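Me: I am new to this structure. Please show me how to read it, one feature at a time.
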Amino acid sequence: MLDFFFSLFRPPYNWWVAYAAIVGVIFMALQISAAVMVYFERKVSAWMQQRYGPTLVGPSGTLQPIADVVKLIFKEELRPKQADALLFSLAPIISVATCLIAFAPVPFGGSTTFFGWLDEPVALQIANLDVGVLVVFAVASVGVYGIVLAGWASNSKYALLGGLRSSAQMISYELAYGMALATVVLLAGSMSFREIVDAQAGYFGYLVLPSINIPDVIPRWNVFAMFPFGLIAFLLFFTAGVAETNRAPFDFPEAEQELVAGYHTEYSSMRFAMFFMAEYINMVTVSAVAVNLFLGGWHFPLVPEGYGWIMFLVKLAALLFFYLWLRWTLPRVRYDQLMTLGWKILLPIATLNLLAVAAGVIAFGL
Amino acid sequence: MAFDLIAFYVFAAITVLGALAVVGQRNPVYSVVAIVGSFCGLSGLYVLLEAPFVAVVQIIIYAGAILVLFLFTVMLLNATREDGAEWDRSHPYYRPGPTRIGGVLAVVLFGQLLWAISRIADTGGIGEQQPAASSVRLLGRVLFTDYMFAFEVTSILIIAAMVGAVVLAGRKGN
């Protein structure tokens, strides 16, 4: 079976079979990443609250996500009598489909042979698009429909309020998100993920501005570019990303104390699981995009490009842990505070930051 | 080429069927969903015309921003199904005269569309155009040099509309 799989990558191969294999592997990897995230969410939350977390299913509870999925599959699919049948079924499909499509232009490693398993290096990316950054943004903005339609089709006040809140929140934070993306596009002079990451190889030979020379210690990552503007853009991007994925402390669409479970109050069984999976895959996508745009992608000091995907996974894991850390540290902000933060704080900072970076690019050609 | 052609027909079918569904059924929420589908098909057509930037912008602006607000409005106003029996037949727009004018207008627009299509047909098929529109850099340069005036005027127009909306929404009473 493995021989067959790897034979697809050897010279007399059919490119589209290999391509389909890559798509399939990434598709499965994303879904498995959701399961892994569920496990880590439980374990990390337990660790932060001085509990044990899941311990019974498998060694240290590692099979807990499988038990969760089996439970969800065997549960009954409920649909409220007054719900809109078509849109009620369509909403989770939109959520999952958009979050899976959003990963298509995101690379997660340079060309690699996986320690010599493959004869020819493969590029770890589904599609290297000229406008890759914008595609992620566009697909994520379509993902709002899944949540809004779920809220409306459920015909329940909690679900409707959750859906409305979510759409307002996502539209508000898309602006800061887009401005932070534009900052990176300015720095790299490209909208293709691969070109943006390749522009981050090597080191900065200077601090702040080209006038102060220092030895090659600071990696040429966008987060360090034009200090502190690159860092500000990264923080803006990640804050907006947390709001976009509806995670704590911005998890209004599913604020338990006010809205039961928000937009998925009326969902059960696998339809609920699809929303749940979409949320976790969105976290992975936002983190992967942040790693590519700001943290140098698969480039890491002293690590050759063939092993870069390991460094990418390490950085991805660090950002995902940060997500969990945020959730179990910060309380949920109030809804008006959320809107104030998005419109009156993040958006002006993002705009000024973009102008500053644009001025820097023109003045120094960095 | 065969793949392009199949893709063209699929996207064209999505676009046209989506557009028909917008006006062909009476649930406003379904109409918004159908127009999102129609725009996604249209975006696919832009990709086939080697203008990926236009395709993505189409999704971001129309499907991602404007139509979400449409959906928001439809849901907040709780617009119900339009039922034929509930139509106010006495309203001037439903009298025979305006209906006939609308019919004439539809025929004129259809004629114009046919005329436009007949003129486009001899400029080349799918994939034979210059891929110039795909370059974001070129597009930006042209927008801020040759079309600077139109660009700025559009900005002022949009700002005026925005300020107007805020003033109308912020008015106390009435």
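Reply: Start with one residue. B:Ala116 counts as exposed because it has 10 C-beta neighbours inside 10 Å. The scale runs like this: buried means 20 or more other C-beta atoms within 10 Å of the residue's own, exposed means 12 or fewer, and partly exposed is in between, with C-beta atoms placed from the backbone.

Me: Before we go on, what sort of model is this, and how are its parts labelled?
Reply: This is a predicted model, where local features need pLDDT of at least 70, side-chain atom pairs count only at pLDDT 80 or more, and totals for chains, interfaces and linings use all residues. Residues are numbered from 1 along each chain as its sequence is written, while chains are lettered from A and ligands numbered from 1 in the order in which they are written.

Me: Where does B:Ala116 lie?
Reply: B:Ala116 is part of helix α4 (residues 96-120) of chain B. Helices (H or I, at least four residues) and strands (E, at least two) are DSSP runs, numbered from the N terminus.

Me: Is B:Leu69 buried, exposed or partly exposed?
Reply: B:Leu69 counts as partly exposed, because it has 13 C-beta neighbours inside 10 Å. It lies in helix α3 (residues 52-76) of chain B.

Me: How many helices and strands are there in chain B?
Reply: Chain B has 6 helices and 0 strands. Its pattern along the sequence is α-α-α-α-α-α. Of its 174 residues, 16% count as buried.

Me: And how many are there in chain A?
Reply: Chain A has 13 helices and 4 strands. Of its 366 residues, 45% count as buried.

Me: How do I read contacts within a chain?
Reply: Two residues are in contact if their C-beta atoms, placed from the backbone, lie within 7 Å. Take the contacts with a separation of 6 or more. In chain A, residues 24 or more positions apart account for 74% of them. In chain B, the figure is 58%.

Me: How do I read a pair of packed helices?
Reply: Look at the axes. They are lines fitted to C-alpha atoms, for helices over the stretch in contact, and angles run from 0 to 180 degrees between N-to-C directions. In chain B, the axes of helix α1 (residues 2-24) and helix α2 (residues 28-48) come within 7 Å and cross at roughly 155 degrees. Therefore α1(B) and α2(B) are roughly antiparallel. Angles under 35 degrees count as roughly parallel, over 145 as roughly antiparallel, 65 to 115 as roughly perpendicular and the rest as oblique.

Me: Which hand does the crossing of α1(B) and α2(B) have?
Reply: The crossing is left-handed. A crossing is left-handed if the near helix is turned anticlockwise from the far one by less than a right angle, and right-handed if clockwise. The residues in contact include B:Phe8 and B:Phe11 of α1(B), and B:Leu42 and B:Leu45 of α2(B). By class, this contact has 14 nonpolar, 7 polar and 1 charged residues. Ala, Val, Leu, Ile, Met, Phe, Trp, Tyr, Cys and Pro count as nonpolar, Asp, Glu, Lys and Arg as charged, and the others, Gly among them, as polar.

Me: Please take me through a pair in chain A.
Reply: Take α6(A) and α7(A). They pack at an angle of about 155 degrees, with axes 7 Å apart. So α6(A) is roughly antiparallel to α7(A). Their crossing is left-handed. Among the residues that meet are A:Trp152 in α6(A) and A:Met170 in α7(A). The contact has 9 nonpolar, 5 polar and no charged residues.

Me: How many residues of chain A are in contact with chain B?
Reply: 19 residues of chain A are in contact with 17 residues of chain B. On the chain A side, α5 (132-142), α6 (144-153) and α7 (157-188) each supply at least two residues. α5(A) gives the most, with 6 residues. That side divides into 16 nonpolar, 2 polar and 1 charged.

Me: What should I look for in a loop?
Reply: Check phi. A:Gln50 is not a glycine, and its phi is positive, near 55 degrees. A:Gln50 lies in the loop between α2 (15-48) and α3 (64-74) of chain A. It counts as exposed, because it has 6 C-beta neighbours inside 10 Å.
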